[in-house]
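Visitor: Please take me through this structure. I want each label set against its cut-off.

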2 protein chains.
Amino acid sequence: MRLSVRLLAASALALTLVAAPAVAQDAATIQRAETIRDAAMSRNIALDYVTQLTTRFGARPAGSKAEQDASAWAADYMRAHGFQNVRIEQFPLVGWERGEESGSIVGARPQRLVLAALGHSPGTNGVIEADVVLFDSLEALNAAPAGSLTGKIAYVDAGQMVRMQDGSGYGPLTRIRGAGPAAAAAKGAVAFIMRSVGSDEHRMPHTGTTRYVEGVVPLPGFALAAPDADTVSRLIEMGETVRLRLSSTAHTYETVSQNVIGDIPGRTRPDEIIVLGSHMDSWDLGTGAIDDGAGGAITLAAAKAIAESGRRPARTVRVVLYGAEEVDQPTDTGNGGGAYLRGIGAAVEQHIIAGESDFGADRVYALQLPPGAQGSEFARAAAQVLYPIGVLSSSVPELSGGADIAPLAGAGVPVFGLSQDGTRYFDLHHTADDTLDKIDPAQLNQNVAAWAGLVWLIADSEVDFRALRAAAAPAAR
Amino acid sequence: MRLSVRLLAASALALTLVAAPAVAQDAATIQRAETIRDAAMSRNIALDYVTQLTTRFGARPAGSKAEQDASAWAADYMRAHGFQNVRIEQFPLVGWERGEESGSIVGARPQRLVLAALGHSPGTNGVIEADVVLFDSLEALNAAPAGSLTGKIAYVDAGQMVRMQDGSGYGPLTRIRGAGPAAAAAKGAVAFIMRSVGSDEHRMPHTGTTRYVEGVVPLPGFALAAPDADTVSRLIEMGETVRLRLSSTAHTYETVSQNVIGDIPGRTRPDEIIVLGSHMDSWDLGTGAIDDGAGGAITLAAAKAIAESGRRPARTVRVVLYGAEEVDQPTDTGNGGGAYLRGIGAAVEQHIIAGESDFGADRVYALQLPPGAQGSEFARAAAQVLYPIGVLSSSVPELSGGADIAPLAGAGVPVFGLSQDGTRYFDLHHTADDTLDKIDPAQLNQNVAAWAGLVWLIADSEVDFRALRAAAAPAAR
């Protein structure tokens, strides 16, 4: 996943538990939500879906055949599980392939390094061999004199990412990943390397996308595994000149990606749509179990739990498995969230609310409702359903969604959030270690239960989150 | 490290805390041991040594230039820290280089696998592409009909290694690693793969040596990382035919390895020698911090702590950094332990006792003395010194040492053990993840303190462990 800074800032705020007295939702609706919640805790399709997805297809890079094949399979999976109007929405994409890569310290005492090219990094066009210049921040690199890195490899080691429940150690370091190659190029460097953006201490480089500047990523960029960053930084601190040999055959190519969309149609107001988003693509190093096979599993299983509850809700519950979340494209039009927004056109006004599950499979601990809904009667009903499974209500500024639903949010669709425990998420995120065994089935089920209970409450209600937001807006200013 | 089954069986026995009344060692000797112990807990050279070793030289495969360079550096390090008679003892070796390797599932849904050739495995001489046949044990593979694996890849997945404090989950699985390639070859297979012998769930294959049969390792053998073993086994359980493409340019070569030997000469009886062993070589994937840079660090630092205590002990304390521990050689003569034994000749009779530190850097929890010494007055003195830092005395059968000192043990030298907590040792062992950051400095220091205190007691005593063992032998039968 890629987190918006806005969401990170929001989720760091204090949580407020709302006591649960009289509510707008009637007792029967709440009771049905509780029943759906409890059933989902013990039996749902989430683990089956993510097991099959990761085992059969492995890594699913944006625009790859694996992503395409997995999307076709997921559409069949939706149909087999009772989803309606299942369809695949294709869009063009600039894909990226890692190819072969290697890095090593050269000289009298050669050492192999464990590293990974940053996503959409260009290849090295042969081998780059150069001395390393260490910076402790992006700011320090930006402050280097013009031309001072000519023929050098710029290296930013800003220290290890701090583990935090809400993942807020991530945002500051992704700036280095996004802007580092361009900053290094501006000073004359021939390549850019950085300590991986991750909280683990394993020999696992964390890849992730870097930034296009005027249609290109300006320099080859690599992330070193934490122990390898330690080694290079220690050697420099010992007074050694560290010279590296880097090679990468990474390259971009024209391809297509696709969104997979399936509905549980509303019983009485099917045009009112609730979007449950996640993404199908993964980074190439792992098998995309926590990022974001789990999100698809949670949202699919929650929608199915609602569908099987004996009464379809009034509104339509739509599951969207977005394509190509993990990439910043040379233009704004290249990812699944944008393609979905373009596809729905004016129907965006019928989108009641959207939520995104893209933070692994560990437990949900907080609910975030849109402004105006916080503290409302709906919020009290939601708290009644979610508190028994460990989910508190939190007071936060308006969410802008993750990368998949951000275009919907930008077009005015309210967003809800179910915050997950991200303490270990960035140990695994964007590494080869993002595999099925990292998912705890009990916590996965708690996610499904939280989504199913909450979404049922929304879907079988007349709550108008846009109106609540509009009413609250003056006070919020 | 390679563990002997005998040591594993022994360390699983119950521990006995010996109360500490009157002892043969006089009060001043014990008090000095306590002083040495306490000083070592707070200040010693262990972390400096292992930091420099792993950072400057990285991986040190047996017979490699890195092992040779690191050995020369370590000899200088010993000299700089006051060791006497520092010398390098060279011996011939069949070395092994991994070269390049890769593995993937091929067919309609290709997936890259994370794997590593087993040590001394031959290369694939191009690419091997074949279907996989799964067995759940070495016995099941051995029971396959003759010729039933012709043209196939034999795969043994005997499940994940169990984490245990004494590491006793390791031994049974190393049988598969040692004998698997020959067993697969006997049934006509073209390659052998197995689930890594390790207790972690990371995308980290565990290498390790496999067995020579009549001068050769009969088949290319690979260890899959645990999540990759999961994937292959699950696909087969789902009814899929799994076809793999394997390649490896691994090869052997003629080289030399070496032992590094340095003494703290005895004050009054320098011919009486106590050997503190560990090994200099490491597997090629990691930097050999826990296996076994830590062992060298602990024994060097303990010997130096004794040397600096203000009075050299009566006997000689000898630190041996053995070369080439990690390899089974085509002949019996090729490792450092054998070379050392040949080198000392008749002086083996002057070797009072030997101990080996080769189980990482986590804390020592039990002392194991040779038969006859257990329960003796010496044992009570040792317990008095070790109990305050969390080390209990244990009653065990005679130790045969790890691979380095096993030749000494075989020649009659008594062996002591300081058992370390191995709970997480096999998460890291023989993987790329064996790096400096995995060492906890506080636990490393506790090791140094235990070794320094115990070895001082032995070195400044007249205890004859051979005589104690001989006296105890009839009763032990």
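Guide: Take the start of α13(A), where a side-chain oxygen of A:D440 comes to within 3.0 Å of the backbone nitrogen of A:A442. The model is predicted: local features need pLDDT of at least 70, side-chain atom pairs count only at pLDDT 80 or more, and totals for chains, interfaces and linings use all residues. Residues are numbered from 1 along each chain as its sequence is written, chains are lettered from A and ligands numbered from 1 in the order written, and side-chain values use heavy atoms, with hydrogens and water left out.

Visitor: Why is α13(A) called largely enclosed?

Guide: Buried means under 20% relative accessible area, exposed over 50%, and partly exposed in between (1.4 Å probe, protein chains only). In α13(A), 16 of the 19 residues are buried, so the rest of the structure largely encloses this helix.

Visitor: What about α7(B): why is that helix called largely enclosed?

Guide: The count there is 10 buried residues of 12, so α7(B) is largely enclosed too. Among them are B:A226, B:P227, B:V232 and B:L235. The span of α7(B), residues 226-237, agrees with expectation: 16 Å between end C-alpha atoms, against 16 Å at 1.5 Å a residue. Just after α7(B), B:G239 has a positive phi of about 95°.

Visitor: What makes A:D433 and A:K438 a salt bridge?

Guide: A salt bridge is a side-chain nitrogen of Lys or Arg within 4 Å of a carboxyl oxygen of Asp or Glu. The closest N and O atoms of A:D433 and A:K438 are 3.1 Å apart. A:D433 has 1% relative accessible area, so it is buried. A:K438, at 7%, is buried as well.

Visitor: Are A:R269 and A:E272 buried or partly exposed?

Guide: A:R269 is partly exposed at 22% relative accessibility. A:E272 is partly exposed, also with 22%. They form a salt bridge, with the closest N and O atoms 3.0 Å apart.

Visitor: Which partner does B:D131 have in a salt bridge?

Guide: B:R243, at 2.9 Å between the closest N and O atoms. The pair links distant parts of the chain: B:D131 is in strand β5, B:R243 in strand β9, 112 residues apart. B:R243 is partly exposed at 32%. In chain A, A:E129, A:D131, A:R243 and A:R245 are linked in a network of salt bridges. Over all chains the count is 52 salt bridges.

Visitor: What does A:T51 contact, apart from neighbours within four places in sequence?

Guide: Contact means heavy atoms within 4.5 Å. A:T51 is in contact with A:L436, B:R234 and B:M238. A:T51 sits in helix α3 of chain A. At 15% relative accessibility, A:T51 is buried.

Visitor: Why are the two copies described as related by a two-fold rotation axis?

Guide: Copies are superposed by least squares on the C-alpha atoms of residues with pLDDT of at least 70 in both. Chain A can be laid on chain B by a turn of 180° and a shift of 0.0 Å along the axis, with an RMSD of 0.0 Å. The copies are thus related as by a two-fold rotation axis. The same surface serves both: 97% of the contact residues of chain A recur in chain B.

Visitor: How do you know how compact chain A is?

Guide: Chain A has 14 helices and 16 strands. Its radius of gyration is 23 Å, close to the 23 Å of the globule rule for 477 residues, so chain A is as compact as a globular protein of that length. The radius is taken over C-alpha atoms; the rule is 2.2 Å times the number of residues to the power 0.38. Of the 477 residues, 63% count as buried.

Terms used. Helices (H or I, at least four residues) and strands (E, at least two) are DSSP runs, numbered from the N terminus. A polar contact is a pair of N or O atoms within 3.5 Å; within protein, one must be able to donate a hydrogen and the other to accept it, and residues adjacent in sequence count only if both atoms are side-chain atoms. The expected span of a helix is 1.5 Å times one less than its number of residues.
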